[in-house]
Amino acid sequence: MRRVRNIVTAACAAATLLGLSSCSASGDRPDRAPRAAAPTETTETTERAEPAPGVDANPLPLPVQKYLLVPAEISAIKPATIILLNTCLQKRNVPPIKETTGKTGRRSDPDPYQVARRYGPIVKADVLTYGYHLPPTWLGDTTAPPKTSARQEAAMSGPSGCLAVSQKELTGGHPMDSPAARQISGKSFTESLKDPKVKAVTADWSRCMAKKGYSFTDPLQALSKADLSSPKPGGKELRTAAADYACKESTRLIRTWQQAETRIQDKEIARQRSALEKANARKVQILAKAEKIVARGG
């Protein structure tokens with residue numbers, strides 16, 4: 001299928017929601033990590049209760065997740081976006097986009113900001129079964145992307161195209177979530193790598209891995225070496241991931257790393273709280289508008 005190209009930023013999110021483009025959100029963690037399930041909100045305290053490795057609780061709670069889109073919100077926005085898009089196309093005498101219901105095609109993306117698994121996999125059952133691959137249940141059913149004609153793509157593309165128009169109508173020209181939150185998420189990850197405690201525990205993890213016969217400087221390097229293009233993990237990947245998990249558990253790497261990021265995020269959230277709360281208020285308005293659009297069918 002031809003993809004929509006050169007879409008303005010305002011329409012990029014809409015295209016992604018519809019499965020029409022490969023647009024991705026920026027500003028979270030490096031793209032070495034695979035995508036994963038969506039974040040959950042956490043309480044704002046200095047020392048948060050986080051799931052330690054071995055506890056089947058993913059994703060990890062981080063303060064900034066409160067200000068990022070979650071899958072339920074994406075699911076609520078998508079049908080409204082499709083309605084507005086097709087209304088625009090019909091006004092231009094272009095056939096509407098027909099949604100497909102087949103089970104072939106790319107999987108839905110449950111976590112566009114890659115908040116989860118930012119330190120690599122930590123759920124024991126998943127690690128032992130899937131290695132570094134994402135568990136199928138995290139990805140949901142595969143859905144065939146809508147088929148679009150050259151005429152439809154031309155009508156959707158560009159600053160005045162129907163993707164941009166429908167997105168602006170829904171959001172008023174505002175981002176669907178907070179750019180500041182995405183920036184904080186990326187900044188906290190980058191800065192946490194320089195945290196003395198994180199560096200020390202990462203070195204402990206590396207030594208632990210060396211004792212098991214693996215030469216990695218950090219968990220992300222181990223993750224980056226996995227062949228995630230293969231349909232299933234091989235024996236080597238499963239053994240490496242199991243060793244990785246064991247070393248994370250014995251060194252308490254995840255707890256230390258997450259606490260470092262939490263400290264950084266708390267400071268940034270306090271500094272930018274006004275902008276973050278305004279963005280969240282706009283998101284509530286957008287979701288309410290999307291609900292009304294779906295209720296009236298246009």
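The protein chain has twelve helices and zero strands. Keep in mind that this is a predicted model. Read along the sequence, the pattern is α-α-α-α-α-α-α-α-α-α-α-α.

Some totals next. The protein chain has 298 residues, and buried residues make up 48% of them. The accessible surface comes to about 14,500 Å². Carbon and sulfur atoms account for 53% of that surface. Now the contacts. Take those in the protein chain with a separation of 6 or more: 83% of them join residues 24 or more positions apart.

Let's go to one pair of helices, H2 and H12. H2 covers residues 71-91. H12 covers residues 273-296. How do their axes meet? The axes of H2 and H12 come within 9 Å and cross at roughly 55°. That angle makes H2 oblique to H12. As for handedness, H2 passes H12 in a left-handed crossing.

Who makes the contact? On the H2 side, please find Glu-73, Ala-76, Ile-77, Pro-79, Ala-80, Ile-83 and Leu-84. On the H12 side, look for Lys-283, Leu-287, Ala-290, Ile-293 and Val-294. Sort the residues of this contact by class, and you get ten nonpolar, two charged and no polar.

Stay on H12 for a moment. Asn-280 lies in this helix. Is Asn-280 buried or exposed? Its relative accessible area is 14%, and the cut-off for buried is under 20%, so Asn-280 is buried. What does Asn-280 touch? Leaving out residues up to four places away in sequence, Asn-280 touches Lys-66 and Tyr-67.

Now to the loops, and to backbone angles. Most residues other than glycine have a negative phi. Two residues here are worth a look on that score.

Start with Asn-93. Its phi is near 60°, a positive value in a residue other than glycine. Where does Asn-93 sit? Asn-93 is found in the loop between H2 and H3, and H3 spans 124-130. Asn-93 has 60% relative accessibility; exposed means over 50%, so Asn-93 counts as exposed.

Then Arg-252. Arg-252 is not a glycine either, yet it has a positive phi of about 60°. Arg-252 has its place in the loop between H10 and H11. H10 runs over 235-251, and H11 over 253-271.

To recap on the asparagines: Asn-280 is buried, whereas Asn-93 counts as exposed. And on the helix pair: H2 is oblique to H12, with a left-handed crossing.

Note on methods. Residues are numbered from 1 along each chain as its sequence is written. This is a predicted model: local features need pLDDT of at least 70, side-chain atom pairs count only at pLDDT 80 or more; totals for chains, interfaces and linings use all residues. Side-chain values use heavy atoms; hydrogens and water are left out. Helices (H or I, at least four residues) and strands (E, at least two) are DSSP runs, numbered from the N terminus. Buried means under 20% relative accessible area, exposed over 50%, partly exposed in between (1.4 Å probe, protein chains only). Contact means heavy atoms within 4.5 Å. Axes are lines fitted to C-alpha atoms, for helices over the stretch in contact, and angles run from 0 to 180 degrees between N-to-C directions. Angles under 35 degrees count as roughly parallel, over 145 as roughly antiparallel, 65 to 115 as roughly perpendicular and the rest as oblique. A crossing is left-handed if the near helix is turned anticlockwise from the far one by less than a right angle, and right-handed if clockwise. Ala, Val, Leu, Ile, Met, Phe, Trp, Tyr, Cys and Pro count as nonpolar, Asp, Glu, Lys and Arg as charged, and the others, Gly among them, as polar. Accessible areas come from the Shrake-Rupley method with a 1.4 Å probe; for residues, only the protein chains shown count as cover.
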